[in-house]
Amino acid sequence: MVKNPYIPTAVEIISIRPESEVDYTYRLAIDLDVDNGQFVEVSIPKVGECPISVSDFGNDYIDLTIRHVGKVTNQIANLEVGDKLGIRGPYGNGFPIEEYQGKDLVIAAGGTGLAPVKSIINHFYRNPEEINSLTLLLGFRNPANILFADEIAKWEEADHIDVILTVDEGDEEWAGNVGLVTGFVEQINFTDLANKEVVIVGPPIMMKFTSLEFMKHDIKEEQIWVSFERKMSCGIGKCGHCKMDDTYICVEGPVFNYTKAKNLVD
Amino acid sequence: MSLNVKEFKKNAYRITKDRGVTALRVRVPGGHLEAKYLTILQEIAETYGDGNLHITTRQGFEITGIPMTMVEEVNKKVAPLIEGMEAGIGVDIGNPEDGYPAAGTRNVSACIGNKVCRYAKYNTTKLAQRIEKNIFPNDYHVKIAVSGCQNDCIKAHMQDFGVLGMDLPVYDAYRCISCGACVKNCQKRATGALEFKNYKVVRDEDKCIGCGECIAKCPTNAWTRDASKKYYKLLIMGRTGKRNPRLAMPFLEWVTEDAIIDIINKTYDYVDEYIDRSLPKEHVGYIVDRTGFQVFKDYVLDGVELNPECRVAEHIDWPGYKTNVSNNFKKVGK
Amino acid sequence: MSYRVKRSEFDDILSKLQEDYKIYAPTRKKDKGTFSDTDLVLYDRVSSLEEIDFNSKTKYSPKEVVFPITQTLFYFNGDEYIEAEDKGEKVLVFLRPCEVNAFKRLDKIFLENGPQEDIYYKRLREKVKFVVMECTEGFDSCFCVSMGTNETEDYSIFIKVSDEEVFCEIKDEKLTEVFADQESTDYTPEFIQENKQQVEVPALEDITTDLFDSEIWKEYSKRCIGCGRCNTVCPTCSCWTMQDISYQDNENIGERRRVWAGCHIDGYTEMAGGHDFRTTYGDRMRFKTLHKIYDFRKRFDIDMCVGCGRCEDVCPQYISFVGAIKKLNQAIKEEKNNG
C-alpha cells in the first residue's frame, strides 16, 4: 500500500531549549534524511499543521526552532518533553552545500532566518577544511530576540569564521552593532569575488535589499542564494498556496538561486 | 353647486382649495402598471384636467385640475384602467364606469420586489395585489405597504401594516469553505448572528433576523433559503399625523403569507367592532391605542393558523413621540 | 458502437447503470438559487433522465466528484491517525467536453505535481467514468474553442438527447451490455466549433515580469471585491486548505479535513504571524489570470483555463476573464511597441 503523504508520524520531544522570549528549539527523536534548509510539516492534532524549517539534525534527531506566533505554534508552547508532535517530510530542496565547498561563503541571516541556515554553519564549523572562509552577517530586531546566542559565541571563537552581529535596536546593556544587516555588507571582504557564494535568509524585504547590497559590491546573481517562506498546507505541490509563477516553493524551493528568485513575484 | 361631498370623496375625488375643481386619485396596486395605462392618464389630464399628473407617496397618480362637473365623463374614461388594474387582479369593483367605489382603504404600495431586485424575497406586486383584492373596496382607513426585504425601501414602517420579506437560511456545512463572507457581513451589516465553530458556521436563531445577507454573500451556495414556503415579518400601526407619529413595530416574525391575509381581513372586523363612530373617521392605529394591543392581538389572531416557525410579539411599546409634549423646546424670541 | 434509445426507455438504462455506478449530472434545485425564486443548477446525484438538465450550464463544475468541497483526510484518536475510509463507489458523470478537459487539469495538480500522488484524489478519480453530453451550441460566456477544450476523446458514453430519443455512442465495453437490447444507429458525436466569444491566449515568451506591474491589474483592485466566486465555480481551481477540528462531545477525538481555498479570498497567502502577500485584488486577479493562461502551461504544456466562462457568469462585479486576457494582450502589444 502507498503511504499516505498527509498522515504525520507522532514523534517525541526529547528536549526544549529557549532561544529568546518567543523562540524555542524542540529536539525531536526521529531519524530523518534531511538536507540543510529543508522543512517539515509539524502537526498538533485537532489544532493544525504548519511548515517549520529544520534548524539542525543528527542521526536520531531533528531540531525545530519555533516562534510562538500562530495557532499551531502557540499550542506547541504548551508542550513538554515527552509530548509528541506530528511530523511529515522533510520537504523542499535545501541548500546546495556541495557548491559552497572550498568557497568564501557569506551567510546573511535576519531573525528566524538563521534557523534554516544554522545546520550549514555548524557543518562548516565542524569541517573547516571544506571551506575557504565563512562570514556570518546576523541581524536581529533587538538583543532579546537574538537566537542561538551560545552557538553564535562558539562560531565567533572559531578561527575560520567571521561573525558580524547586529541588532536593529539596541538597549542599555547592548554594546555591539546597531543597524540593519544591509548597512554591514560593506564590512565584508570583497576580494576574490569569483570565489564567493552568498546565502541570504530572512524576511522578504531583508532578502531583497540585502541581495541588492551584495550586487552593488559586484556579487553576481548566480552567487546569491535565498530561502522563501510562504503559506503552505500540503508541502507536496497540491494545495496551491505557495505557488509563485510556475514554481511551487514547497517542491522546487524553499531555496532558490537569485537568478530564479528574482523572477518569482507574489 | 350642490355636491354630496362624502359620496364624492368615496369616489376617490378630492375636495380641493379651488371651489368646483377636483382631482382624481388613481390606484396602482403594488406600484406596478403596464405602460399602456399612462396614455389613459395622459388623455384624462389633457382633456379634463390641467394637463398635469401628480405622483403620490402611495404610488398612485393624482390627476389635478378636473372640473367637478366632468366627473362622470372622467369615470368613463378611467374605466379601462380600473377594469385592468383592479377587476383584472380580482378586485370586486362593481361597474368600472362608475369610477372607484371606495377611497378609505388606501392603495397598497410595494417596492420593486424580486421581479428586479436581488435583495427582495418575493414578488411584492403580487402580494400587494393579493392584499388589494382582499381589502378593497373598503371605507375604513387602513394603509398597507409591502417591502421585499428588511431594507424596507417602500417605508413599510410608516404604515398600519407593513410586510417585509424574510429568508430562513439553510446551511450545508459540506459546501462551506470558511471564507467568512457571511460571518463578517452579518457582523457588519446585520445582527452578528453567525459565528465560526470548528471552521463551520453556527447561526444563532434568536439573533437572526432573516435578512438573507448570508445567502447573498455565500460563494458556494452553502447558504440557501428554506424554499418550502415564504416567510415574512409583519409590522403594525406605524403612522405620521398630528398626534403621535411613530414607526410600525414587529408583530409577527417568520409568518406566512396566508396568515398575513387572514390577519388583515380580521383587522377590518376588529375596526368594525371597535371604531368610534362619533368621529368622521378613525385610523386603525388610534383604535388599537384605545383598546390596547392585547385586545387587538387576541381579536386578529383568533382562528388564524400560524406556522410553527412564526414568532409572535408578547407586547408592543410603540416608539415615536407625542406632539403635545413640547417642553423640550425653548422659544428663541428677540 | 452507437445506439438509439427511446426517452421512455432511458430510465431503465440508468437503473441498470446504477447497480454499479453512482450517477452525477447537471440537475436543477428549485428555488435554491442565490436570489429568491431562482433555481440552482449544479452537479448532483440523479436517478432519472427527467432530473438531468441538459440545457443549462451548471453554476458549479463537476470537480466536486473528485475534489469534494469538504473532505475528511484522517481522524485523530489520541496519538493515533486513522485514514478516512474510501467507499470505493464507481461514478458516472454526465458532463460537457470542456469539463472532461478540466479533469485533465486537476489530474496534473493532484497526480503529477510534486513528489507524490494525492491519494485522496486518486482513489476517487480512478472510479470515475465520463458520459459526455453533446454540446454544439455552448452558452454566451463560453470560449472553449479558443482554449482548445471543445473536444474530447476521453469518454465511456457520448450522449445526445432529442425530444423523443437519446443517441448514445458507447466506447466502454463494460457498459455495452446495458445497451444490448437497443437499436443500433450510426450516431457520431459532434463538438462545438465556434463560440460567441473568442480570445487569443498570449504566447509564453510574450509574458515578462514587467507585465506583473502593468496598469491593467490596478483596475481590478478597484473592481474586484475578493468574494472568490470565480474560484469556487471554476472547474480547474484546485487549491485547498487544511482544517483541524475536535469533536464537541469528545475533545480527544477529531479530524483533519481539507476544504476548497481560493486565491481571491482574504487569507489565502497569510502566514502565521500575519505576514501576507497579494493584498490587493489587482494582484490576485493577475495571479489567477496568469495561472490559468500562462504559468500552468509553462509547467504542464496545457493551459489551465478550459474556457467554460463560469467565472464571468458569477462575478457580481461583471469582471470578464476573456476581458482580462484581452487587456493582457493589449498590454503586451504596448510593451512591444514601447520596447
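1. Helices H5 (181-189) and H6 (213-217) of chain B, together with strand S3 (40-45) and helix H9 (310-314) of chain C, each supply at least two residues of the lining of the second largest pocket. Helices (H or I, at least four residues) and strands (E, at least two) are DSSP runs, numbered from the N terminus. The largest share of this lining, 5 residues, comes from H5(B). The model is predicted: local features need pLDDT of at least 70, side-chain atom pairs count only at pLDDT 80 or more, and totals for chains, interfaces and linings use all residues. Residues are numbered from 1 along each chain as its sequence is written, chains are lettered from A and ligands numbered from 1 in the order in which they are written, and side-chain values use heavy atoms, with hydrogens and water left out.

2. The space in the second largest pocket is about 1,200 Å³. Of the 37 residues that line the second largest pocket, the closest to its centre are Ala216(B), Thr34(C), Arg229(C), Val314(C) and Pro316(C). On a 1 Å grid over the protein atoms alone, a pocket is an open set of points where a 1.4 Å probe fits, with protein on both sides within 12 Å along at least five of seven lines; lining residues have an atom within 4 Å of a point. Grid points are joined across faces, edges and corners, and the volume is the space filled by probe spheres set on the points.

3. The lining of the second largest pocket divides into 15 nonpolar, 9 polar and 13 charged residues. Here Ala, Val, Leu, Ile, Met, Phe, Trp, Tyr, Cys and Pro count as nonpolar, Asp, Glu, Lys and Arg as charged, and the others, Gly among them, as polar.

4. Chain B has 9 helices and 13 strands, and its C-alpha atoms fill a box of roughly 80 × 55 × 50 Å along the principal axes. Of the 334 residues in chain B, 50% are buried. Buried means under 20% relative accessible area, exposed over 50%, and partly exposed in between (1.4 Å probe, protein chains only).

5. Two buried loop residues of chain B can be listed with their C-alpha separations. Val304(B), in the loop between helix H9 (293-301) and strand S13 (311-312) of chain B, has 13% relative accessibility; its C-alpha atom is 11 Å from that of Ile264(B), 40 residues apart along the chain. Asn107(B), in the loop between helix H3 (71-85) and strand S4 (109-110) of chain B, has 6% relative accessibility; its C-alpha atom is 25 Å from that of Arg290(B), 183 residues apart along the chain.

6. Met1(B), Leu3(B), Val5(B) and Ile15(B) make a nonpolar surface patch of about 350 Å². Such patches are made of residues with over 30% relative accessible area and no salt bridge, with nonpolar side chains (Val, Leu, Ile, Met, Phe, Trp, Tyr) joined within 5 Å and like charges within 9 Å; accessible areas come from the Shrake-Rupley method with a 1.4 Å probe, and for residues only the protein chains shown count as cover. Ile15(B) lies in the loop between helix H1 (5-10) and strand S1 (21-26) of chain B and is partly exposed at 37%.

7. The count of salt bridges over all chains is 67, a salt bridge being a side-chain nitrogen of Lys or Arg within 4 Å of a carboxyl oxygen of Asp or Glu. One of them joins Lys229(B) and Glu309(B) (3.2 Å, N to O). This pair links distant parts of the chain, with Lys229(B) in the loop between strand S10 (223-225) and strand S11 (231-236) of chain B and Glu309(B) in the loop between H9 and S13 of chain B, 80 residues apart. Lys229(B) is partly exposed at 29%, as is Glu309(B) at 27%.

8. Glu253(B) and Lys233(B) form a salt bridge with the closest N and O atoms 3.7 Å apart. Glu253(B) is in strand S12 (residues 249-255) and Lys233(B) in strand S11 of chain B, 20 residues apart; both are buried.

9. In chain C, Lys327(C) and Glu219(C) meet in a salt bridge (3.0 Å, N to O). Lys327(C) lies in helix H10 and Glu219(C) in helix H6 (residues 215-223) of chain C, so the pair ties together parts 108 residues apart in sequence.

10. Backbone points to check: the peptide bond from Gly89(A) to Pro90(A) is cis, with omega near 5°, and Pro90(A) lies in strand S6 (residues 84-91) of chain A. Tyr318(C), a residue other than glycine, has a positive phi near 55° and is exposed at 71% relative accessibility.
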